[in-house]
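Dear colleague,

Please find the structure below. My notes on it follow.

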Amino acid sequence: IDEMVEFDLPGLEERTRMLQLYLEKYLLQTGAGATRGATKITVDPAVDGGLLRSVAERTEGFSGREIAKLAIAWQAAAYGSPDATFTPELLETVLAAHGDQKRRKMLWNAPTPGMAYRK
């Protein structure tokens, strides 16, 4: 039986924990247990708990899935950098792109004047 279950969006503390978890999973553990020669991502020490808390504050309204996709995009950006280094600047660039995408999605989902809107 298919059931719909509604989840509230994660709060600040949940977003902070999720970001820490995904940083560990997608950036810090890269290359571990992978095939020989797998590229390891270097995470700049400035990407710390304080910066992740700031990101959590700026991702209010993001779902858990959107936060996971953000972290995966960070991983892809780090792999795409010349030396596979994840820096605060790279974090901010990807975050800005995801924030823009989130705002566009919200505009697309907004009711159009004169159109019936069902939730």
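Does Thr59 count as buried or exposed? Thr59 counts as buried, at 0% relative accessibility (buried means under 20% relative accessible area, exposed over 50%, partly exposed in between, with a 1.4 Å probe and protein chains only).

Two remarks on conventions. This is a predicted model, in which local features need pLDDT of at least 70 and side-chain atom pairs count only at pLDDT 80 or more, while totals for chains, interfaces and linings use all residues. Residues are numbered from 1 along each chain as its sequence is written, and side-chain values use heavy atoms, with hydrogens and water left out.

Thr59 and its surroundings

Thr59 sits in the loop between helix 2 and helix 3 (helices, H or I of at least four residues, and strands, E of at least two, are DSSP runs numbered from the N terminus). The Thr59 side chain makes a polar contact with the side chain of Arg15 at 3.4 Å, and reaches the backbone oxygen of Ala56 at 3.1 Å. A polar contact is a pair of N or O atoms within 3.5 Å; within protein, one must be able to donate a hydrogen and the other to accept it, and residues adjacent in sequence count only if both atoms are side-chain atoms. Leaving aside neighbours within four places in sequence, Thr59 is in contact (heavy atoms within 4.5 Å) with Arg15, Leu70 and Leu95.

Helix 3

Helix 3 covers residues 64-80, and its end C-alpha atoms are 24 Å apart, which agrees with the 24 Å that its 17 residues should span at 1.5 Å a residue (the expected span is 1.5 Å times one less than the number of residues). Its buried residues include Glu66, Leu70, Trp74 and Gln75. The buried residues of helix 3 pack against helix 1 (12-28), helix 2 (49-58), strand 2 (85-86) and helix 4 (88-109).

Ala68 is also in helix 3 and is buried, with a relative accessible area of 14%. Ala68 touches Tyr22 and Tyr26, not counting residues up to four places away in sequence.

Regards
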